[in-house]
Amino acid sequence: MNIQRRIALGAFLAAAILGTSTAQAAWPADKPITYVVPFTPGGSTDVVGRMIAQKLSKILNQNIIVENRAGAGGSIGAAYVAHAAPDGYTLFGGTINTNAINYSLYKNLQYSPKDFAPVSLVATLPNVLLVAPNIGVNSVADLIALLKRDPARRMFASSGVGTSTHLTGELFAATIGVPLTHIPYKGTPPAMVDVSSGAVTFMFDQMTAALPLLQNGKLKLLAVTTAQRMPMSPDTPTLGEAGLPGFDVSSWQAVFVPKGTPQPIVDKLSKAIAEIVKDPDVQEKLGKTMGMNLVGSTPEQLQALIDKEIARWADVVKRAKITAQ
């Protein structure tokens, strides 16, 4: 290669590198960002997504559009983001289902763990163990005794097949060594109605969903699924304290981008979310009101959680022989 060609090639490469660096430095100056929520409006993932989008928009000085792409346990929205351009203009509100459980639950999933780059774990949220007040159960020990002695009572409800509440129930069954029948519902409200009447023995769900029925005495709270007690109900024991040591399950909310998104953009987003979760408004609305434990992790910490959760729930799905279409 002669000297002129070498000079030209060097100039081309320098321009390309400079152009890339300039584009990353300017991000997100030229167009709005889309934040994809893989569930319908109004649920916890949507609430978190809209809060993050609102606060992030101010930090980045750019409009962020929240787009709901619901269906198939969140996998429709996840697949959309997985195949989006890795340019920092598509964010994903991922959950325990979309980025951990679904990989072993769905046979023909249109995305995989390698399709996402982790940004930050936003928050964790414990499930709670709920029963009706009229079935003579006042503790976790009472519930386990009832399930062991009465096969007709070996039923638990959930908001649907493959949800984190369903799999928490399956893990509970394996932990206590009692085979249980899962009764899936189309959403949390009808499941809670049947549990509150005593038609179904128990269920796991989020505290915020159960709060109205707990306040009017139609449901009884027995335990929380995390290793630590819940600040909004500090007198409620953990399942570990109630006789099941090591039982520690949380639902969680996190932010991802398509794999290949430039690392400076990922780092900028991660730092912004760490700032957002400390915002008093966020602490009030997501922490105190919804009972979430706000985190704001590094990408590396989120990846470690994902690796652990994928393996854990794959084992639960396999042992319980759960499948979804």
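How do the residues of the lining of the second largest pocket divide into nonpolar, polar and charged? The legends below get to that, and the model they describe is a predicted one.

**View 1. A look into the second largest pocket, with about 500 Å³ of space.** Its lining is made of 27 residues, and T124, T226, Q228, S250 and N293 are the ones nearest the centre. Elements that each put in two or more residues are β4 (116-131), β9, α10 (280-288), β10 (293-294) and α11 (299-320). As for the split asked about above, it comes to 13 nonpolar, eight polar and six charged residues.

**View 2. The largest pocket, holding about 960 Å³ of space.** Here 41 residues form the lining, with F39, S44, S159, T163 and T188 closest to the centre. Several elements give two or more residues, among them α4 (97-105), α6 (164-176), β7 (202-206) and β9 (250-258). The top contributor is α2, with four residues. Sorted by class, the lining has 16 nonpolar, 22 polar and three charged residues.

**View 3. A cis peptide bond between W27 and P28.** Look for P28 in the loop that links α1 (3-26) and β1 (33-37).

**View 4. N61, a residue other than glycine with a positive phi.** Its phi is near 55 degrees. N61 belongs to the loop between α2 (44-60) and β2 (64-68), and N61 is exposed, at 69% relative accessible area.

**View 5. A72, not a glycine, yet with a positive phi of about 55 degrees.** You'll find A72 in the loop between β2 and α3 (75-82). With a relative accessible area of 35%, A72 counts as partly exposed.

Terms used: Residues are numbered from 1 along each chain as its sequence is written. This is a predicted model: local features need pLDDT of at least 70, side-chain atom pairs count only at pLDDT 80 or more; totals for chains, interfaces and linings use all residues. Side-chain values use heavy atoms; hydrogens and water are left out. Buried means under 20% relative accessible area, exposed over 50%, partly exposed in between (1.4 Å probe, protein chains only). On a 1 Å grid over the protein atoms alone, a cavity is a set of points where a 1.4 Å probe fits but cannot get out, and a pocket is an open set with protein on both sides within 12 Å along at least five of seven lines; lining residues have an atom within 4 Å of a point. Grid points are joined across faces, edges and corners, and a volume is the space filled by probe spheres set on the points. Ala, Val, Leu, Ile, Met, Phe, Trp, Tyr, Cys and Pro count as nonpolar, Asp, Glu, Lys and Arg as charged, and the others, Gly among them, as polar.
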